[in-house]
Amino acid sequence: PARFVVWAEFCERFSYYGMRAVLALFLVELGFSESGATVGVHLFIAGAYGAPLLGAALSDAVCGRYVTILFLSVVNLVGSSALALSAAARSARLAFFGLVFMAVGTGGIKPCVAPFGADQIDARAPGAAASTRRFFAVFYFTINCGALASALLTPYLRAAHGFALAFSVPPALMALAVVVLLAGRRHYRHVPPSDALARVARAARAR
């Protein structure tokens, strides 16, 4: 089952880095100054790095890792689709909507994906430690492959065919990620949510 997680993460990383590779240029195209576009890109990145707190809370205390990953992948898909539409319509408002959804979606799944992949390895099986090491090696190699491929492809598409086509790739990859996640749904091992947030709160009060 871990292979479904690996391929879904490849698609998600391709989507994220492909969009980010040309985001600053797109914001300039929408009328932002260069400094304004730089601020916009960094606000998006900051949102993506803040959203893991939401994803961790949902997965650990509410609905578990798989449901969190699937739900936030759909959120990401909605955002990347809106961004693609904004490129066709030259709409800054639609782009803002898309970027907010993408930041929440891509950031929210970050604390969930690697642990969920590791959950698929039976710790009691012979060779479990080696299987876990192999999973993480393949997992992070795949992430970097997705980032590299998208960083090469999306700028080329933007230069050759414009932003509308370049931004159509991320939602296509996110749709594929959702399909891959759903394809493995009957095979996954699930760790149920717990009272992790309550334990963290009690530990903080104890200090």
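1. Which residues do ring pairs link into a cluster? They are Phe4, Tyr66, Phe116 and Tyr188, where rings of Phe, Tyr and Trp (its six-membered ring) pair if their centres lie within 6.5 Å.

2. This is a predicted model, in which local features need pLDDT of at least 70 and side-chain atom pairs count only at pLDDT 80 or more, while totals for chains, interfaces and linings use all residues. Residues are numbered from 1 along each chain as its sequence is written, and side-chain values use heavy atoms, leaving out hydrogens and water.

3. The structure holds 16 aromatic pairs. The rings of Phe10 and Phe14 have centres 6.2 Å apart and planes at 55 degrees, so this pair is tilted (planes under 30 degrees apart count as stacked, over 60 as edge-to-face and the rest as tilted). Both residues lie in helix H1, four residues apart, about one turn of the helix; helices are DSSP runs of H or I with at least four residues, numbered from the N terminus.

4. Phe139 and Tyr140 form an edge-to-face pair, at 5.0 Å centre to centre and 85 degrees between the planes. Phe139 is buried at 3% relative accessibility, whereas Tyr140 is partly exposed at 44% (buried means under 20% relative accessible area, exposed over 50%, partly exposed in between, with a 1.4 Å probe and protein chains only).

5. The structure holds zero disulfides, a disulfide being a pair of cysteine sulfur atoms within 2.5 Å. For Cys112, the nearest cysteine sulfur, that of Cys63, is 8.3 Å away.

Notes:
Helix = DSSP H or I, 4+ residues; strand = E, 2+ residues; numbered from the N terminus.
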